[in-house]
Amino acid sequence: FERECAMEIERWLGERGADGYVKFEKLGGQAIWIGKSPVWPKTRDLIFSRQVVKLIDKKPLYFEAKNRISPILTALEGQSYSAIYLDNTDTNDGNSMVDLFSQLQRPLLSAAGKANILNREAKQRAHLVFVDGTEAWLGISEPEDTLKWPMGIPRLKMPQDAPSRSTLKLAEAFAYFMDKEEQAEWLREGLTAVDLGACPGGWTYQLVKHGLQVIAVDNGAMNEKIMESGLVEHIKADGFVYRPQRPVHWLVCDMVEQPSRVAKLMADWLADGDAGRAMFNLKLPMKTRLDEVELCREIIEQRLKKAGKKITRLEFRQLYHDREEVTAYLVVQ
Ligand code: SAM
């Protein structure tokens with residue numbers, strides 16, 4: 001997804017009067033924007049970027065395996081940083097850095113402390129993104145502009161009794177889109193949800209786990225164990241036709257369908273007051289992924305505007321557990 005990532009950065013910055021271009025390599029796990037800009041995106045402003053880091057230098061830092069600390073300190077000299085954060089590109093080489101990070105972290109921080117580079121009061125932290133053991137980009141970031149998880153990936157364990165791996169998509173969506181308070185308010189007993197395209201029940205599992213009552217709509221077969229929870233009603237119907245008798249708090253949808261069709265369906269439900277919030281997946285076409293997401297955004301905005309509903313949240317994110325797809329969160333007042 002480097003291409004989408006690059007296009008999105010160029011578009012975001014271009015719309016804000018920036019002058020520059022993006023460099024990327026397919027499967028390189030990074031997109032580097034080179035240029036001047038009055039503003040800078042936060043990670044959450046972008047759909048396809050795992051983490052946004054402002055580089056200090058146009059070139060990466062190279063070092064020998066024997067000595068990584070001195071070149072890093074030399075590059076950081078003259079400024080103070082609140083911390084030194086180690087990250088990696090999401091490639092095989094990048095992901096093999098875990099052991100190196102655990103060896104490097106302490107001696108690096110200790111040497112940085114002695115060199116007067118660390119200052120708790122400093123606004124920015126140094127943010128190193130390792131490509132492999134001999135090359136790293138050196139940048140700065142602020143904790144509130146980046147995601148709290150390394151490489152923006154929340155570590156989630158696959159629940160043993162979940163009906164499908166898709167369960168992790170909704171678990172990650174809850175973790176990404178909702179802070180702890182929002183989760184406590186909106187994921188609890190007493191609330192209701194409809195899950196369109198629910199089978200075998202991975203998304204329903206996440207809702208049931210939080211005590212919600214779920215109507216699972218799908219012509220397929222639901223996992224038997226989840227039906228034993230007593231919180232799920234399985235309705236065999238077409239998700240594009242079904243509507244609940246009473247409004248529900250949540251609409252979730254993981255049907256494999258044209259993104260614009262799903263976007264319209266979600267907007268219709270919320271426009272008609274059948275649900276107050278929706279979390280859904282858009283399966284993207286190969287070539288025009290970014291344009292497709294923007295088209296879906298427009299469909300939703302226009303439909304809800306026509307209905308006189310105010311959108312309080314409309315966000316898209318390609319989550320770690322998403323593949324050729326993005327997840328969206330939509331809330332109306
Ligand atoms: N979220 C599910 C989970 O976590 O286990 C997986 C959903 S799977 C990707 C897509 C499901 O959508 C399939 O079970 C399929 O039967 C269902 N589906 C596709 N089109 C549908 C429609 N028009 N109405 C209802 N269900 C539909």
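Colleague: In this predicted model, is W269 buried or exposed?
Modeller: The relative accessibility of W269 is 0%. Buried means under 20%, so W269 counts as buried.

Colleague: How many aromatic pairs are there, and which geometry does the pair F101 and F130 have?
Modeller: The count comes to 9 aromatic pairs. For F101 and F130 the ring centres are 5.1 Å apart and the planes stand at 65°. An angle over 60 degrees is the criterion here, so this pair is edge-to-face.

Colleague: How many residues apart in sequence are the parts that F101 and F130 tie together?
Modeller: F101 belongs to helix α4 (residues 98–114) and F130 to strand β6 (residues 125–132). F101 counts as buried at 11% relative accessibility, and F130 is buried at 0%. The parts tied together by this pair are 29 residues apart in sequence.

Colleague: Where does F130 stand in relative accessible area, and which class does the pair Y242 and W269 fall in?
Modeller: F130 has a relative accessible area of 0%. The ring centres of Y242 and W269 are 6.4 Å apart, with the planes at 35°. Stacked needs under 30 degrees and edge-to-face over 60, so the Y242 and W269 pair is tilted.

Colleague: What is the volume of the second largest pocket, and which element gives the largest share of its lining?
Modeller: The volume is about 440 Å³. Among the 24 lining residues, W149, A175, Y176, M178 and Q183 are the closest to the centre of the pocket. With 6 residues, the largest share of the lining comes from α5.

How values were computed
Residues are numbered from 1 along each chain as its sequence is written. This is a predicted model: local features need pLDDT of at least 70, side-chain atom pairs count only at pLDDT 80 or more; totals for chains, interfaces and linings use all residues. Side-chain values use heavy atoms; hydrogens and water are left out. On a 1 Å grid over the protein atoms alone, a cavity is a set of points where a 1.4 Å probe fits but cannot get out, and a pocket is an open set with protein on both sides within 12 Å along at least five of seven lines; lining residues have an atom within 4 Å of a point. Grid points are joined across faces, edges and corners, and a volume is the space filled by probe spheres set on the points. Helices (H or I, at least four residues) and strands (E, at least two) are DSSP runs, numbered from the N terminus. Rings of Phe, Tyr and Trp (its six-membered ring) pair if their centres lie within 6.5 Å; planes under 30 degrees apart count as stacked, over 60 as edge-to-face and the rest as tilted. Buried means under 20% relative accessible area, exposed over 50%, partly exposed in between (1.4 Å probe, protein chains only).
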